[in-house]
Amino acid sequence: MIVPAELDQLDLQLLEALQRNARSTFADLGTLVGLKAPAVHERVKRLETRGFLRGYTAQVDGRRLGFELTAFVSVITAPERTYDDFTTQLALLPEVLEMHSVAGDETFILKFTTRSTGHLDDLLSRIKRIAGIARTRTTIVLSTPFERPGVVVVSEPATVSP
């Protein structure tokens, strides 16, 4: 793994720990990395200022709130469609959780959650009304064996059983 030169091992450990639990106290983080709380506070503030930490969020269980269906929609746009206008239009749809500009046949891949297939149908209708969409393809998620929020900060080589 290539690590930016401006980060040391303690910074990486702090990033990893904050991804696991952003509510950790500076004292808890200090115990983990062998520093006093004020030194951890200074490092975390520096990571925030330099953009390595973009913010802190809670992981809400969408299913418990009635969002039972997760889907991915591949979108192919017409050549005349402007990137900024299109992404702005999609950002207005609260169900869209992620939007990725991709290489390949599709122009974008969207991830979203809905309450039902009826809600999904309504959302697809709203998406298809956005000017410049040539075609969409929807894939409904049946199950999610695991999700890994965040990014790999401190990695160890994976071992796979034969």
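Tutor: Let us begin with contact, which means heavy atoms within 4.5 Å. The model is predicted, so local features need pLDDT of at least 70 and side-chain atom pairs count only at pLDDT 80 or more, while totals for chains, interfaces and linings use all residues. Residues are numbered from 1 along each chain as its sequence is written, and side-chain values use heavy atoms, with hydrogens and water left out.

Student: Which residues does lysine 111 touch?

Tutor: Leaving aside residues up to four places away in sequence, lysine 111 touches Thr70, Ala71, Phe72, Glu95, Val96, Leu97, Glu98 and Glu147. Lysine 111 has its place in strand 3. Helices (H or I, at least four residues) and strands (E, at least two) are DSSP runs, numbered from the N terminus.

Student: Why does lysine 111 count as buried?

Tutor: Buried means under 20% relative accessible area, exposed over 50%, and partly exposed in between, with a 1.4 Å probe and protein chains only. Lysine 111 has 14% relative accessibility and therefore counts as buried.

Student: Why does serine 116 count as partly exposed?

Tutor: Its relative accessibility is 34%, so serine 116 counts as partly exposed. Serine 116 is found in the loop between strand 3 and helix 5. The C-alpha atoms of serine 116 and glutamate 68 are separated by 6.5 Å, although these residues are 48 residues apart along the chain.

Student: What makes strand 1 mostly covered?

Tutor: Seven of the nine residues of strand 1 are buried.

Student: How do you know that strand 1 and strand 3 pair?

Tutor: Two strands pair if DSSP finds at least two bridges between them. Strand 1 (residues 69–77) and strand 3 (residues 108–114) have seven bridges, in the antiparallel sense. Phenylalanine 72 has lysine 111 in strand 3 as its bridge partner, and serine 74 has isoleucine 109.

Student: How many bridges join strand 1 to strand 4, and strand 2 to strand 3?

Tutor: Strand 1 and strand 4 run antiparallel and are joined by seven bridges, with phenylalanine 72 opposite threonine 139 in strand 4. Strand 2 and strand 3, also antiparallel, are joined by five bridges. Methionine 99 stands opposite leucine 110 in strand 3.

Student: What is the order of the strands in the open sheet?

Tutor: The open sheet has four strands in the order 2-3-1-4, with antiparallel pairing. Strand 2 (96–101) and strand 4 (133–140) each have a single partner strand and stand at the edges, so one side of each is left without a neighbour in the sheet.

Student: Why are helix 1 and helix 2 called oblique to each other?

Tutor: Axes are lines fitted to C-alpha atoms, for helices over the stretch in contact, and angles run from 0 to 180 degrees between N-to-C directions. Angles under 35 degrees count as roughly parallel, over 145 as roughly antiparallel, 65 to 115 as roughly perpendicular and the rest as oblique. The axes of helix 1 (residues 9–20) and helix 2 (residues 26–33) come within 10 Å and cross at roughly 130°. Helix 1 and helix 2 are therefore oblique to each other.

Student: Which residues of helix 1 and helix 2 meet?

Tutor: Leu10, Gln13, Leu14, Ala17, Leu18 and Arg20 in helix 1 meet Leu29, Leu32 and Val33 in helix 2.
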